[in-house]
Amino acid sequence: MIPVPPPSEPATKTRRPLPAVVWPLVALAAILVVDGFISPSFFSIRLVEGRLYGSLIDIVYRGTPIALLALGMAIVIGAKGIDLSVGSVVAIAGAVMAHFIHLGFDPAVVVAATLAVGLLCGLWNGFLVAVLSIQPIIATLILMVAGRGIALMINGGRIPTFRSDFFSALSTGRIWVIPSRLFLVALVFLVLWAVLRRTAFGLFVEAVGGNASAARLAGIGTRMVTLATYGISGVCAALAGIIITGDTRSSDAVTAGMWSELDAILAVVLGGASLNGGRIFLATTLVGVLIIQSLTTSILMSGLPPEFNLVVKAVVILAVLLVQAPKVRTAVGSLVAAFRPRRTER
Amino acid sequence: MDVPARPRVVMRGITKTFPGVKALDGVDFTLAPGEIHALLGENGAGKSTLVKVLTGVLAADAGTVELDGVPIRVASPAAAQDLGINTVYQEVNLVPTLSVAENLMLERQSSRFGLISWRKTRERAEAALARLKIHVDVGRSLGSCSLAIQQLVAIARALDRDTRVLVLDEPTASLDAHEVEGLFTVLRDIRARGIAIVFITHFIDQVYAIADRITVLRNGRFAGTGTIAEVPRMRLVTLMLGKQIESHYAERPTTESIDQTGAPVIAATGLGRARWLEPIDLSVRAGEVVGLAGLLGSGRTETAKLLFGAERADKGSLVIDGVPVTLRSPGQAIRMGFGFCPEDRKHEGLILDLSVRENLILALQCRRGWWNRVGQAEQNRIAAEMIAALGIATPDAEKPVGQLSGGNQQKVILARWLAAKPRLLILDEPTRGIDIGAHAEIVGLIRRLCREGLALIVASSELEEIVAFSHRVAVLRDRRKVSEIVGADITQSTIVEAIANS
C-alpha cells in the first residue's frame, strides 16, 4: 500500500551527544583512581585457595544484593513508579526461606516458595498503585513499614539460624574462581534486559512511564503493565533476600536489607534514569551499584573514621548527579568552549 | 446600546509579538461600564493575549490603554488589581483544601494584634458572598463545594475590592445548564452595579443569553464589534471563521468507495456522557469519511474520544459491525480495529523520550498483544517504510521523537496508526500546526485511505478541509450535534449556517 521511494541519500549526521552510559562510567573510574592513590594494592587481585581476593572483587561481591534490588527497581522506575518496600521484602523473603528450611523442604521448594512470596509482595504493591490508584511512594511505604513486622512474625520474634549447603553455596560459594552470586546477578540482568528490549512488555513499560495518557490512548493496558513492574521488583527483592540470608545463615527481620531500598533507587538514578519515568538503563544501573559500593569500600579503606562514611558518600553522589544534570552539563560545556582555542572552520 | 460617552476601558492599536508569531496586531477594544462584553475568537485569535495585556500579565509591544479616560500602564497583575481590574481564570486559582472563608480572605484576613481574627474574617467572607446572594457555609473546605460554587467564590474574591473591570475567562466551561443560569443571575447583578465585565467563552448560545456587546478577534486582528442585535449568529460565525479562502480541492469525494451493503463499521445511538457530550447519533461505513465540524469547544474532540473509548459513555449504545458493544478502554477499541490521532500530540500522542521507531510500532504492538512481539526486523522495516511514505524528516529511526519538529511529530502519530492497519480511523485536527505543503499531503492521504476502504471520522476546525474529503458532516454546537449534512449539500456556507442557526 505504501510506495517505496528510491533510496534517499544518507542523512546528514549531526554530532551525537555522548551516550548516557559514559557519565556513570567516568564517575566510577574517578572513584577507583582515587582509591588507587589511597591504597597502592587496591587493584591487585590474588588467587588464594581457589578463591579470588582483592578490593575490586570485594566491591563486586558485596554489591550483588543492591544490584538485584536495583535491577527490579529500574523496571518500576521506568513505568514512573517507585518501590520503597524492597528492603522489607528482603526481610520477609529471608524469614520465609528460614521457615521453609526449618520445615525440612528441598532447596528447590524453598526457593520457589520464597520467590512466590516476593512476587506476592510485589503484586500487593502493584494492586495498591494500579488498581486503587494510591501514589507509589505511599503505597509501597505501607509494605516498607509493615514488612519487617511480618518478617518478625514469621520468625516468631527470634532470629532463626539454619544450615543449608545449597544456600551457602549459592550465596558465598564459587563456581571455578568466580563467586556464584555473580552468576545470579548476570542471569537476572540478562533476563531483565531481554524483557526490556526484546519483548512487547518492555516497550509498554517505557511508554507508560514516558507518557501515561498517550500510552493509554495507544491502547496499552496501563494497569497490567504497572502491576507487572511491581511483581518483577518483588521477585528481585526476594532473590536479594536469598543471597543476604544465605550469607548470614540466619534471618534477621530487623537488619536484613535495612535502607537498601534507598541505595537501589540511587543506583537507578546514577544509571541515568529519571524518577519521572521513561527511558531506563539496566547496564548503567549496575555501574551505579558499583559506584555506591566502591564508595563504601573506599571510605572504610581510607582510614577515615566511620562516622564520615555517610557524609562523604552523600557528597560524592551529589557530585555525580550534578555531572549528569543537563543544566550543569550545558554550563560546563559553554565554560569549556569559552576557553578552548577556536578551530578554523572548514 | 451605543458606545457610551465615557467608556471604562479603551485599548488602541495593541500589538504583541512572540518569537515567530504576531499574537496581536493593532487590536482595538472598547469596554463600557455596566456592560457584559463577550470577547470571541477561535484558537490563536488572540483573546487571551489581549486579556493578559489588560491584566498586566504581558506587556504590549505597542498601543495604549486608558481606564476611565486616564492613560495607564499595567506593569503586573498586582498593579491591575490596584487599578480595579480583576480576573477570574478558567482554572480556578484557589486552594481547594482551605475553607471558603480562608480562600476569600487569603492575604487580607482581619487581624488583631498581628493575629488573624477568624470571627471577623468569617463575617466579612459571609458578607462578600451574601452580596452575590450566595449562601454557603464559609467554614467548609472549598474542594468539597461544587465547581459552580468554587467559580462563584472566585468571582466573589475578585469583587471584594474596588472593582471596575471584571474579566471572566471561560467561566462556564465546566458548569451544567442549571449552574450556568445561576452564574448569569450573579453576573446581571454585578452588571447592574456598573462594573464592566469581559466574558470570554466558546458557547455561542450563552453569548446571546447574557452579553450586551460582542468583539471578535481573528488571527491576532480585530475582526468586528457590535451589540448583539447588530451581530446575529450567522454574522458572528462568519466573523470568527473569516471569509474562507476558495477551496484548493475542486472535486468532491466520490461515493463509490462507500460500502453500502453491510452494517456500518460503527453506529452510535444516543451516545453521551454527563458534562462531556449531549447524546449523539452517528454512524460510519467502510470507505466513508464523516467530518465533525463546529467551533472550538463545540464537542468535536469529546465526540472523538467517546467513540474511541478514551472516555466512557454513560448513555446510549454503540453497535460495531452490527454487534452491540460497550467500549471500556482504548485498548479494547484498538483490538476492534480502531485508531485515534489525538489533537494534543505532545500530551496525548507521543512518548517523547522514545525513538521514532518505538513510537511508530506502539499501536501495532498493542493490537497484537503482550505475547506477540513485533520482531526487530519487522520494526525496522515498518519504521523505514513509514518514514519514507510520509516523508518524516529524521536522520534515523532511533532519534527520540521529542527532537522532531511539530509537523513531523504529527506524521509520526499518523504513521503509528497506519502501521496498525485499522478499519476505523478517528483523526482529531490532523492538520493543526502543519505547514501548507504537509496540509495537502494529509488531505490527500485521507482521501486515499478512504478509497482503500477505511472508515474515517475527521474532526477539524478548517471547513475547507472538511468539505474536501467528507461524505457526510456532523455539525456540533455547545456539545450537541445540531445537524448532519450529506453529499452535495456539503459546502462551507451550509456548514457555517448549521453552526450559526439555533
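Reader: At its relative accessibility, does N103(B) count as buried or exposed?

Author: The model is a predicted one, and in it N103(B) counts as buried, because its relative accessibility is 1%, whereas the limit for that class is 20%. The residue belongs to helix α3 of chain B, which covers residues 100–105, and its side chain reaches the backbone oxygen of L98(B) at a distance of 3.4 Å.

N211(A) sits in the loop between α8 (200–210) and α9 (212–217) of chain A, and it is buried, with a relative accessible area of 11%. Apart from neighbours within four places in sequence, it is in contact with K346(B), H347(B), E348(B), L350(B) and I351(B).

These contacts lead to the interface of the two chains. Chain A and chain B bury about 2,800 Å² between them, with 65% of that area on carbon and sulfur atoms. Of the area that chain B buries against chain A, 23% comes from I351(B), W370(B) and R373(B), more than from any other three residues; I351(B) is also one of the residues that N211(A) contacts. In terms of residues, 37 from chain B and 31 from chain A take part in the contact.

The polar side of this interface can be described pair by pair. Between chain B and chain A the count is 1 salt bridge, and R279(A) forms a salt bridge with E358(B), where the closest N and O atoms are 2.5 Å apart. Across the interface there are 9 residue pairs in polar contact, with both residues at pLDDT 80 or more. On the side of chain B that touches chain A, the elements giving two or more residues are α10 (330–335), α11 (345–349), α12 (356–368), α13 (376–390) and α14 (406–419). Of these, α12(B) gives the most, with 6 residues. By residue class, that side of chain B divides into 20 nonpolar, 7 polar and 10 charged residues.

Aromatic rings take part as well: ring pairs link F201(A), F204(A), W370(B) and W371(B) into a cluster. Over all chains the count comes to 10 aromatic pairs. One of them joins F100(A) and F105(A) in a tilted arrangement, with 5.4 Å from centre to centre and 35 degrees between the planes; F100(A) is partly exposed at 22% relative accessibility, and F105(A) is partly exposed at 40%. Another pair, F166(A) with F167(A), is edge-to-face, with 5.0 Å from centre to centre and 85 degrees between the planes. In that pair F166(A) is partly exposed, with a relative accessible area of 39%, whereas F167(A) counts as buried at 1% relative accessibility.

In chain A, R163(A) lies in the loop between α5 (136–154) and α6 (165–172). It counts as exposed, at 71% relative accessibility, and, with neighbours within four places in sequence left out, it is in contact with I101(A) and R249(A). Its C-alpha atom is separated by 42 Å from that of V320(A), a residue 157 places away along the chain.

Most residues other than glycine have a negative phi. K421(B), though not a glycine, has a positive phi of about 50 degrees; it is placed in the loop between α14 and β19 (424–428) of chain B and counts as exposed at 58% relative accessibility. D478(B), not a glycine either, has a positive phi of about 50 degrees, and it is found in the loop between β21 (472–476) and β22 (481–486) of chain B, but D478(B) is buried, with a relative accessible area of 16%.

Methods: Residues numbered from 1 in each chain as written. Chains lettered and ligands numbered in written order. Predicted model: local features only at pLDDT ≥ 70, side-chain atom pairs only at ≥ 80, totals over all residues. Heavy atoms only, no water. Contact = heavy atoms within 4.5 Å. Buried area = accessible area lost by both parts, 1.4 Å probe. Salt bridge = Lys/Arg side-chain N within 4 Å of Asp/Glu carboxyl O. Polar contact = N/O pair within 3.5 Å; in protein donor to acceptor, adjacent residues only side chain to side chain. Helix = DSSP H or I, 4+ residues; strand = E, 2+ residues; numbered from the N terminus. Nonpolar A, V, L, I, M, F, W, Y, C, P; charged D, E, K, R; others polar. Phe/Tyr/Trp six-rings, centres within 6.5 Å; stacked < 30°, edge-to-face > 60°. Buried < 20%, exposed > 50% of the residue type's maximum accessible area, 1.4 Å probe, protein only.
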